[in-house]
Amino acid sequence: MQDLWRLSAAEMASLIKAKKVSAKEAATAALARLDAVNPKINAVVEHRPEDVLAQAAAIDAAIGRGEDAGPLGGVPVTVKVNIDQQGYATTNGLNLQRDAIAKSNSPVIDNLRKAGAVILGRTNCPAFSYRWFTSNLIHGDTKNPRDPALTPGGSSGGAGAAVAAGIGHIAHGTDIAGSIRYPAYACGVHGLRPTMGRIAAFNAALPERPIGPQISAVSGPLARTIGDIRIALAAMSAKDYRDPWWVPAPLEGPAMPKRVAMCLNPDGLDPVPEVKAAVADAGKRLQRAGWIVEEIADTPTLREAADLQTKLWLGDGYEAQLEAAEREGDPGALACLRGNRAKVHPFDLSKALTRRATLTREWLSFFENYAVLLMPVSGELPFPDQLDRKDEASFARVWHAQLPQIAIPFMGLPGLTVSTGLVGRVPVGVQLVSGRYREDLCLAAGEAIEAGGTPSAAIDPAG
C-alpha cells in the first residue's frame, strides 16, 4: 500500500487494528515523508527515528498479544516543542531554554501514548509562542506548505505545516490567542481550541507562571479531517491529576436545536470580501445539512474581551517577559511586546478578572439561544510571512484582523477552525464557537461544513 501518510488517523488506526498494516509500516512511511518534505518547510525541529520505531514496535507487540492498542493505535502524531517530552528540550522556540530537558512527559504526551499514538517529532513555534508567525533563533523559520510567501501561522505554525504536508496524521498545538486556530486557517487544515480545563497539561521542565488559569492557554489538536479532531480530543482529554484545572466534563452534552448564529462582521472587524464569502458559504452548507442559520448583525463584545485577554497574556509580569525577550534577542518577540506595551502595561489583574466574569455571563446567555456561532477566524486571508515586523501600520493591521481569535479564550470558550477551501492557492476557513465544554456542537457543525465542500488533504510543499 502506497502513501500511507495520506490517510486520515481514523483510517490508519483501523488498518493497524485489522492487521492490514503494521504500526512499524505506518511509522516508516511517516519518517520517510518527514525526510522528504521537512527540509522545505522546517515544521519538525527534532525527531529520533529509533525512538519512533521503538514506539511502533511496542504497538505491534501489543496487537500481537491480542490487546487493544487504543483509538490511535499506531498513528503517527506530532507534538509542539513547548510541552514536556521526556528526554527532549522544552525550548518554546528559545535558545534560553535549549537545556531545559524534560525528565517526564506532559499529560498531553502521556494521554496520546495511552491512546496508542506514536510520537513522530516535535514541531516549531515562534520564540515564547508569542506570534501568528513561526520563526526563532534556535530552530529557524517554518514555511507554509501551501505557499512559502504566506505565514504558516503561529504559534503552532510547525504543527499546522506538518499536518498539511502529511507529516503525521494529527498535530498537537497550544492556543492562547489563536495559536491552534490560526495555523489551521493559514495551512488549510482544521484546528480545535478546547474549553479551558478540557485537556490536562503541565510542564515540569520550566518554572510555572503564578497566575494559574488566568491566561487560558490550552492544548488541542490540528488535523485534516474533523473526524480526526474528534478522536484526538477524546484521547487528549483523559484525566491527569497533575493539572488542577482539568474538568471531568462529558465529551457529549445535552441535545440542542441545530440553530446557528452567523455573523459576517463581528464587533467592527470589517473582514475582506473573501472572508465574508467563506462565512456565508459555510452558512449555506449548514442550511443544506438541516441546520437553522440566523444571520445576526453583531455578537456579544469581542473587542473588549480581546483587549483584556491581551492584558492577561502579556501584561502580567510584562517587565520580566520583556527582559527575557531582550536576553533572547528575538526580533519577533520584541516586536510583540514593545508593540503592545501601551495596551497592557500597567496591568490590573483584579479588574480584568472581575470584568471577565461579566463578559462570560453575556456569552453564556448568548449560547442559551444558539448551539454555535459561525464567524471569521481572521479579518483577512493568511498574512504575508513576517508582516507584523514590517512597520507599525502592519503590526496594527495584524492585531486588528485577529480580533475573533484573541477574544474567545478570554471567556474560556471552545473555538474550531474549519478549512473551507482555497482562494487561488491561499487557504480560507471559518470559526465555530460554542458554550463551555460544548466542543461536540462545534464538531457537529464542523462535520456538516466539511461534508458540504472539498475535504482537506495532505499536499506536497509548494515551491
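**Close-up views of a predicted model**

**View 1. Contact of helices H7 and H15.** Ile226, Gly227, Ile229, Arg230 and Leu233 of H7 meet Glu439, Leu443, Ala444, Gly446, Glu447 and Glu450 of H15, where contact means heavy atoms within 4.5 Å. By class, this H7 and H15 contact has five nonpolar, two polar and four charged residues; Ala, Val, Leu, Ile, Met, Phe, Trp, Tyr, Cys and Pro count as nonpolar, Asp, Glu, Lys and Arg as charged, and the others, Gly among them, as polar. The model is predicted, and local features need pLDDT of at least 70, side-chain atom pairs count only at pLDDT 80 or more, while totals for chains, interfaces and linings use all residues. Residues are numbered from 1 along each chain as its sequence is written, and side-chain values use heavy atoms, with hydrogens and water left out. Helix H7 covers residues 226-236 and helix H15 covers residues 439-451; helices (H or I, at least four residues) and strands (E, at least two) are DSSP runs, numbered from the N terminus. The two axes come within 9 Å and cross at roughly 160 degrees. Axes are lines fitted to C-alpha atoms, for helices over the stretch in contact, and angles run from 0 to 180 degrees between N-to-C directions. H7 and H15 are therefore roughly antiparallel (angles under 35 degrees count as roughly parallel, over 145 as roughly antiparallel, 65 to 115 as roughly perpendicular and the rest as oblique). Their crossing is left-handed, the term for a near helix turned anticlockwise from the far one by less than a right angle, with right-handed for clockwise.

**View 2. Contact of helices H9 and H12.** H9 (residues 303-315) and H12 (residues 349-366) pack at an angle of about 145 degrees, and their axes are 10 Å apart. H9 passes H12 in a left-handed crossing. From H9, Glu304, Ala305, Leu308 and Leu312 meet Leu349, Ala352, Leu353, Arg355, Arg356 and Leu359 of H12. This contact of H9 with H12 has seven nonpolar, no polar and three charged residues.

**View 3. Leu373 in the largest nonpolar core.** The largest nonpolar core has 141 residues, of which Leu373 and Leu374 touch the most other members. Such a core is a set of buried Ala, Val, Leu, Ile, Met, Phe, Trp, Tyr and Cys residues joined through side-chain atoms within 4.5 Å; buried means under 20% relative accessible area, exposed over 50%, partly exposed in between (1.4 Å probe, protein chains only). Helix H2 (residues 23-41) gives the most to this core, with nine residues. In soluble globular proteins, nonpolar side chains tend to be buried together.

**View 4. Surroundings of Ala165.** Ala165 lies in the loop between helix H5 (157-164) and strand S4 (170-175). Ala165 is buried, with a relative accessible area of 0%. Not counting residues up to four places away in sequence, Ala165 touches Trp5, Arg33, Val37, Ile41, Pro145, Ala458, Ile459 and Pro461. Lys390 is 225 residues from Ala165 along the chain, and their C-alpha atoms are separated by 28 Å.

**View 5. Surroundings of Ser106.** The loop between strand S2 (76-80) and helix H4 (107-114) holds Ser106. This serine, Ser106, is buried at a relative accessible area of 0%. Residues up to four places away in sequence aside, Ser106 touches Ile83, Asp84, Ala201, Phe202, Asn203 and Arg242.

**View 6. Surroundings of Ala56.** Ala56 is placed in helix H3 (residues 49-64) and counts as buried at 0% relative accessibility. Apart from neighbours within four places in sequence, Ala56 is in contact with Ala23, Lys24, Ala27 and Val118. Ala117 is 61 residues from Ala56 in sequence and 8.7 Å from Ala56 in space, C-alpha to C-alpha.

View 7. Most residues other than glycine have a negative phi, and most peptide bonds are trans. A cis peptide bond, with omega about 5 degrees, joins Gly154 and Ser155; Ser155 lies in the loop between strand S3 (118-123) and H5. His345 and Pro346 are also joined by a cis peptide bond, with omega about 5 degrees, and Pro346 is found in the loop between helix H11 (331-344) and H12. Gln386, not a glycine, has a positive phi of about 65 degrees. The loop between strand S9 (372-375) and helix H13 (392-401) contains Gln386, which is buried with a relative accessible area of 17%. Tyr437, not a glycine, has a positive phi of about 65 degrees and lies in the loop between strand S11 (426-433) and H15.
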